[in-house]
Amino acid sequence: MNDTPKPAINSSSALEQLRQLIQQQEHTPDRALPTERELAERFGVGRREIRRALDVLEEEGRIWRKQGKGTFVGPAAPVQPLALHDLPQQSNLLEVMEARLQLEPGLARLAALRASKEQIALMKRLIERMQGIVAPEDGDQHELWDSAFHRAIAEAAGNRLMLGLFDAIDAVRRDPGWQHLRVQARTPARLDNYDNHHQRLLNHIANRQPHEAAAAMREHLLALQQALMETLYTGHEETP
């Protein structure tokens, strides 16, 4: 009997599946992607989630849209993640935070050394999208753009293996079994604090300050870890 859980029905799962589809279609950029309706049926998500995921991919420069013609695959990303297989499927959010604390400060340090002007501009746009979300209770959008921002840092680090590890860890973080914790955790005060962390991270990366960028990422993740501990052990629910 197969007890594998079904993917979460949200924009993040749509984005992950669209990334895989785009990788398969990179060599045929002149062929339009399926329509939003077809993608929604194919991936088992709503059209709103498809549109949100496409917004992220368009911001990243992976797709382009032409009115009346469709959506097309754009230039390949400068760094593509390695496919990682047979990773352990069983984990928890405490292990996720431990892994993120080991990996992401290093990614931030490398991003401060290697990020292109275009990659820095993308991070800025992603922060603006996060800060521009009108409904604080819309956890789907917050999670989508937050994950995209952290992934942009991982890409800017310029290390395919580390990017692949980031994607694997992020997939565990987004497991549907933890979704209720993420929904209950978000408060305006915490989101404001995370926005401040993100802005400081961007500033250090843009100013080519690798040690400061790593320290800012570590501070951000430690705050998330502390919130997670409160969720699991005192009932004050929070999650990365």
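The following dialogue works through the reading of a predicted model, from its overall layout to individual residues.

Colleague: On what conventions does the description of this model rest?

Modeller: The model is predicted, so local features need pLDDT of at least 70 and side-chain atom pairs count only at pLDDT 80 or more, whereas totals for chains, interfaces and linings use all residues. Residues are numbered from 1 along each chain as its sequence is written, and side-chain values use heavy atoms, with hydrogens and water left out.

Colleague: How many helices and strands are there in the protein chain?

Modeller: Helices (H or I, at least four residues) and strands (E, at least two) are DSSP runs, numbered from the N terminus. The protein chain has ten helices and two strands, and along the sequence they follow the pattern α-α-α-β-β-α-α-α-α-α-α-α.

Colleague: What percentage of the residues is buried, and what percentage of the contacts joins residues at least 24 apart?

Modeller: Buried means under 20% relative accessible area, exposed over 50%, and partly exposed in between (1.4 Å probe, protein chains only). Of the 240 residues in the protein chain, 47% are buried. Contact means heavy atoms within 4.5 Å; among contacts between residues at least 6 apart in sequence, 72% join residues at least 24 apart.

Colleague: How many bridges join strand 1 to strand 2?

Modeller: Two strands pair if DSSP finds at least two bridges between them. Here strand 1 (residues 63-66) and strand 2 (residues 70-73) run antiparallel and are joined by four bridges. R65 has T71 in strand 2 as its bridge partner. The hairpin has three residues between the strands, and G68 takes a positive phi near 85 degrees there.

Colleague: Which residue has a positive phi although it is not a glycine?

Modeller: That residue is R208, with a phi of about 60 degrees. R208 lies in the loop between helix 9 and helix 10 (210-234). Its relative accessible area is 39%, so R208 is partly exposed.

Colleague: How is the packing of two helices described?

Modeller: Two packed helices are described by the angle between their axes and the distance between the axes. Axes are lines fitted to C-alpha atoms, for helices over the stretch in contact, and angles run from 0 to 180 degrees between N-to-C directions. Angles under 35 degrees count as roughly parallel, over 145 as roughly antiparallel, 65 to 115 as roughly perpendicular and the rest as oblique.

In the case of helix 2 (residues 36-43) and helix 3 (residues 47-59), the axes come within 9 Å and cross at roughly 110 degrees. Helix 2 is therefore roughly perpendicular to helix 3. At this packing, E36, R37, L39, A40 and F43 in helix 2 meet R47, I50, R51 and L54 in helix 3.

Colleague: At roughly what angle do helix 6 and helix 7 cross?

Modeller: The axes of helix 6 (residues 139-156) and helix 7 (residues 160-173) cross at roughly 160 degrees and come within 10 Å, so the two helices are roughly antiparallel to each other. A crossing is left-handed if the near helix is turned anticlockwise from the far one by less than a right angle, and right-handed if clockwise. Helix 6 passes helix 7 in a right-handed crossing. Residues of helix 6, including E143, S147 and H150, meet residues of helix 7, including L163, F166, D170 and R173.

Colleague: Is R173 buried or exposed, and with which side chain does R173 make a polar contact?

Modeller: A polar contact is a pair of N or O atoms within 3.5 Å; within protein, one must be able to donate a hydrogen and the other to accept it, and residues adjacent in sequence count only if both atoms are side-chain atoms. R173 has a relative accessible area of 3% and is buried. The side chain of R173 makes a polar contact of 2.8 Å with the side chain of D170.

Colleague: Where does H197 lie, and which residues is H197 in contact with, leaving aside its neighbours within four places in sequence?

Modeller: H197 lies in helix 9 (residues 188-206) and is buried, with a relative accessible area of 5%. Apart from those neighbours, H197 is in contact with E219, H220 and A223. The side chains of H197 and H220 are joined by a polar contact of 2.9 Å.
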